[in-house]
Amino acid sequence: MASEHAEPKQKQSLMDKAKGFVADKIAHIPKPEASLDSVSFKSMSRECITLHSNVNISNPYDHRLPICEVTYTLKCAGKVVASGTMPDPGWIAASDSTKLEIPAKVPYDFLVSIVKDVGRDWDIDYELQVGLTVDLPIIGNFTIPLSTSGEFKLPTIKDMLFGKGETETNSA
């Protein structure tokens, strides 16, 4: 009977070794790398302002890789301003880098609600969190978490009336 109890422990130990071996091999498989640019002002309309950031993705493989989805959450003054999912946004070029734009539309009524946090210089602190999910050979779906924070300038009334273009941005 003592040998019956010893066998499950031995099998568990063998299973743990197998899991460790597979995890170690997967950890050394080349994976795409990505970086996230700071958030900047892109445009404005009668309904909202559009902010954007770019994800720069490098592919170590000699064949293109599908991007399954991109999820994002933009927070300003500690509040969620915009969030969403971009399903199937395209491909990462083979043995190259690909730039992917993430636009975020922020309604004016939200901006009015945080006007007390803006101050005289029209700067708003932000945090952008992005999850980039790529389909890797053998591994399957692999999510690369990215984030950036800093501040950007809101367009002033003068900018809205006279159509000023890009405003300054800072990244932390």
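## Exercises on a predicted model

Among contacts in the chain between residues at least 6 apart in sequence, 65% join residues at least 24 apart. The structure is a predicted model, and the exercises below work through it.

**Exercise 1.** State how many helices and strands the chain has, and give their pattern along the sequence.

Solution. Step one: the count is four helices and nine strands. Step two: reading along the sequence gives α-β-β-β-β-β-β-α-α-β-β-α-β.

**Exercise 2.** Where is glycine 150 placed, and is glycine 150 buried or exposed?

Solution. Step one: find the element. Glycine 150 belongs to strand β8, which covers residues 140–153. Step two: apply the cut-off. Buried means under 20% relative accessible area. Glycine 150 has 14% relative accessibility, so this residue counts as buried. Valine 39 is 111 residues apart from glycine 150 along the chain, yet their C-alpha atoms are separated by 7.9 Å.

**Exercise 3.** Describe burial and surface for the chain as a whole.

Solution. Step one: the chain has 172 residues, and buried residues make up 34% of them. Step two: the accessible surface of the chain comes to about 10,600 Å². Step three: carbon and sulfur atoms account for 54% of that surface.

**Exercise 4.** How many aromatic pairs does the structure hold, and which residue lies over the face of tryptophan 91?

Solution. Step one: the number of aromatic pairs is zero. Step two: arginine 64 lies over the face of tryptophan 91. Step three: the distance from arginine 64 to the ring centre is 3.8 Å.

Notes. Residues are numbered from 1 along each chain as its sequence is written. This is a predicted model: local features need pLDDT of at least 70, side-chain atom pairs count only at pLDDT 80 or more; totals for chains, interfaces and linings use all residues. Side-chain values use heavy atoms; hydrogens and water are left out. Helices (H or I, at least four residues) and strands (E, at least two) are DSSP runs, numbered from the N terminus. Buried means under 20% relative accessible area, exposed over 50%, partly exposed in between (1.4 Å probe, protein chains only). Contact means heavy atoms within 4.5 Å. Accessible areas come from the Shrake-Rupley method with a 1.4 Å probe; for residues, only the protein chains shown count as cover. Rings of Phe, Tyr and Trp (its six-membered ring) pair if their centres lie within 6.5 Å; planes under 30 degrees apart count as stacked, over 60 as edge-to-face and the rest as tilted. A charge sits over a ring if NZ of Lys or CZ of Arg is within 6 Å of the ring centre and within 35 degrees of the ring normal.
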